[in-house]
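Hi,

Here is the model I promised to pass on.

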Amino acid sequence: MTRTTSGFKSNTSKENLSHLLSTVNAEVLKEFVHRCIDKICGRKGPSEEKFCASCGWNHSQFLEANSALEEFLVECVEQDYNRKKIEEFVSLEDNQLQAFLNCLVVRKDELQISLLRQYQNRPSQVLSDFDWKLKWVMGSSSLASYQETLLELDMTAVQHPKVPITSKSPYERISVELTRDDLSTLINTLEKAQECM
Amino acid sequence: MDEVDRIIIRSLREIGCDIEEGVECLKQFSTELVVEAAARCIEAIQPGSGIPTSLPPSMSMRFRIGAAIAQACTDMGYGGEVGYQTFLYSNEADLRRVLMFLIERLPKDGQTDKVVQEPTSRSAKIRKDISLTITKQLSAPWVPKFCRVDGIRWHEDGSFTKEGGSCSPFVSEPLQTGSTSHGCTPQEWREYCVKYLPFVSEQVSAANRLIPSLITLNSRGILAPSQQHPPPKAEELRKARSALLKAESHKLASQSFEAQSSYESSVKLSSRFALNERLQFIQEKSPEKKKMVIQENTQTESASETAEERQKRHEEEEELAVEKMKCENDELKDRIEQLQLDMKTLSAKLPQVLEESDIAERTLMDAEAKQAVRRKVLDLLPDPEANIAKLQAMIEASTQKLVKLATQWEEHRAPLLQQYRLARQLNSSKASESARTAEALRVTREKVSELTEEVRNKEQLHTLLQAEYAKVSKDNSRSAYTRRIMEIIGNITKQKDEIDKILKDTKELHKEINSLAGRLDRSFTVADEVIFRDAKRDDVSRRAYKLLATLHSECSELVKMVEETGANVRESRDLEDQIETESAKKVSDNLERISADLRQMKQETASLAAQLKTKAQ
């Protein structure tokens, strides 16, 4: 459950982070932290154009700030850092630190829930969404009038990546076509599984 | 033959052969032209045959092309002898036969049909495209869905068609609606919601994920209803007017909701199956589950435990605050109601009061007017005689003044009336004139529209006639040919009549000759007998008989000679004909060309062999 975050690399990334964030205005920092938390929770992340313009970063700096901040946020939530501990890791001015802590307090529960879910789903692919279409088969190559209903079930399975999210798409689509009997079998099996839980 | 050649040349020009103006018969055709004509004919009959229309310099390639054309002719069912030599070393008769065969096989009216079918308007073009696409789709075999990425199907020729509906996958993302707060103060939460929480439409990373995300969010809300929410609280929620109270109670409600939904989403697969059963299921088991999740949280993470405690403390504090505020709110509500009641009664009274004041003002004004009249009368009362006289004088004066004014008025009125009448007349005349002009204008306009209509009709007719003319001009040559053919047939019948006449003459001559020969025979026999009888007695007669015999034999010999001469002349004429036909075949010419080509081929072969040798070395 816990991640080992100590080591040369993470320390340098924290130094870089404090270096990058030190020039940023508290309000903008707050916005940036919120967007990074959004990204961890599986939504749209910070927009590069906006923050590059307002913080004076270039492309690689933005990417580095983003990934380092995400890493640090996850660490804060996992280890439940208090103010002192955070001060130890990143050197920020008072109002910046206050903004950071405020974000963390507001979003902590959301972060915890989404991280918990990610860890639970980590070892395997997990169904995230499904969609269905009802089809009416008129005939086949061997039968002129076949006439049967088919359900096309499109399932989207998601492989939760290591936090932070990598660029490769974690979604995989699984399409199956089910007859009426297949469908009832599937639903029964799922319901049985649910009762066992 | 000229006629046939002309027809052939015209047909060849129609299918696009570049024949010069001066060429009028097949004799003038060069080898290149012959090959081009044959290749174009075959291309027109069987599109895609792929025979080149121009001859390459290499000899062997030339032979190959000639052989290909000959093969194509044979395949089309040409009965006569045909080979590469027919085209490469052509003689007139063979070539004429082959070209006539090919031209007969040309598709009829192909070009004119094409012109007619060519789509003229945009809508026709679109319709044609649609029908083409549908035909293509119908003729293509069915393919499973995974062969059509994003519903796009690629055809063999590189084009594509869209089949199937929307193909963006159903992928949802967790949305934050701001209706739930977590372990922080409400002020902080509000600040976050107002300042930093983007709209739902901006939270998703791609636009096509918005709808799936919203559906999932709603279905989660349905599957995990806030069952612990007590009904009286919900009643209050609806009634509450103060925004603060709303936010607070909402927060309380959603905390329990969040505990449920977080468990839902974290522990189980989200599912929309069997909704009703599921709802029941949750109702029955939810308290247990809540406990379970708390246990789990305490087991797994110390962080979540502290969050739990903090949450409880918050709840208690907020509970107290809510109670207090509710009391205050009730008091305020009572006062507001009281005031509102007062306001209502007062505003009901207002219009009545306004009306009353209005009536009073009016009566006051009436009374004032009456008072003024009475005051004047009272002023006049003291000296009645003098005042009456004064008044009468005043009346007199005013009547005089009135009369004067009337005369004055008349004076002014008459010219003005005159002027008015004049103006009216002018106006009416002008109006009539303008009406006339308008009428004329209208007529002109109608005429113009009529004329434009007519022009359009005429133009249509013109185009129609032009099209017809284009068609007719093609047919013209056809009728000319029929006329020509009829003429030729007439000529032939005339010639046949003449031949018949000559034959009859010949027969008559034969008969005459036969009868003359018979008479000669008979008279000779008689003369022979008479002279032979006399010859026994007379010497002179004997000599005469001898002379007769020699004369007869000489004459018969002469006749034989004449007959022989005639036969010889016929034979020589036959031979001459033969010579002519043979010479028409240009055998010697062709032989020379063939030998030249052979030499060239030998050279080519030699050069190739040399190349091979150099390469081998």
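This is a predicted model: local features need pLDDT of at least 70, side-chain atom pairs count only at pLDDT 80 or more; totals for chains, interfaces and linings use all residues.

Residues are numbered from 1 along each chain as its sequence is written, chains are lettered from A and ligands numbered from 1 in the order in which they are written, and side-chain values use heavy atoms, leaving out hydrogens and water.

Chain A overall. There are 7 helices and 3 strands in chain A, where helices (H or I, at least four residues) and strands (E, at least two) are DSSP runs numbered from the N terminus. Along the sequence they come as α-α-α-α-α-α-β-β-β-α. If you take the contacts (heavy atoms within 4.5 Å) in chain A with a separation of 6 or more, residues 24 or more positions apart account for 60% of them.

The sheet. The 3 strands of chain A make an open sheet in the order β1-β2-β3, with antiparallel pairing; two strands pair if DSSP finds at least two bridges between them. β1 (126-137) and β3 (171-178) of chain A are at the edges with a single partner strand each, so one side of each has no neighbour in the sheet. From one strand to the next, the twist averages 15°. β1(A) pairs with β2(A) (residues 148-158) over 11 bridges, and 8 bridges join β2(A) to β3(A). For landmarks, K135(A) has L150(A) as its bridge partner, V126(A) has V158(A), and L151(A) stands opposite L178(A) in β3(A). β2(A) is mostly covered, with 8 of its 11 residues buried. Helix α7 of chain A (residues 180-196) lies across β2 and β3 of chain A, at about 125° to β3(A); angles run from 0 to 180 degrees between N-to-C directions, and axes are lines fitted to C-alpha atoms, for helices over the stretch in contact.

One residue in α6. D109(A) belongs to helix α6 (residues 94-120) of chain A. Is D109(A) buried or exposed? At a relative accessible area of 12%, D109(A) is buried. Its C-alpha atom is 9.1 Å from that of V77(A), 32 residues away along the chain.

Where the chains meet. The axes of α2(A) (residues 26-40) and α8(B) (residues 186-196) come within 12 Å and cross at roughly 90°. That makes α2(A) and α8(B) roughly perpendicular to each other (65 to 115 degrees; under 35 is roughly parallel, over 145 roughly antiparallel and the rest oblique). On the α2(A) side the residues are E27(A), K30(A), E31(A), H34(A), R35(A) and D38(A), which meet E191(B), Y192(B), K195(B) and Y196(B) in α8(B). By class, that contact has 2 nonpolar, 1 polar and 7 charged residues (Ala, Val, Leu, Ile, Met, Phe, Trp, Tyr, Cys and Pro are nonpolar; Asp, Glu, Lys and Arg charged; the others, Gly among them, polar).

Helix α2 of chain B. The buried residues of α2(B) include L33(B), V34(B), E36(B) and I42(B). Among the elements covering the buried residues of α2(B) are α1 (2-14), α3 (59-75) and α17 (587-616) of chain B.

Cheers

Methods: Buried means under 20% relative accessible area, exposed over 50%, partly exposed in between (1.4 Å probe, protein chains only).
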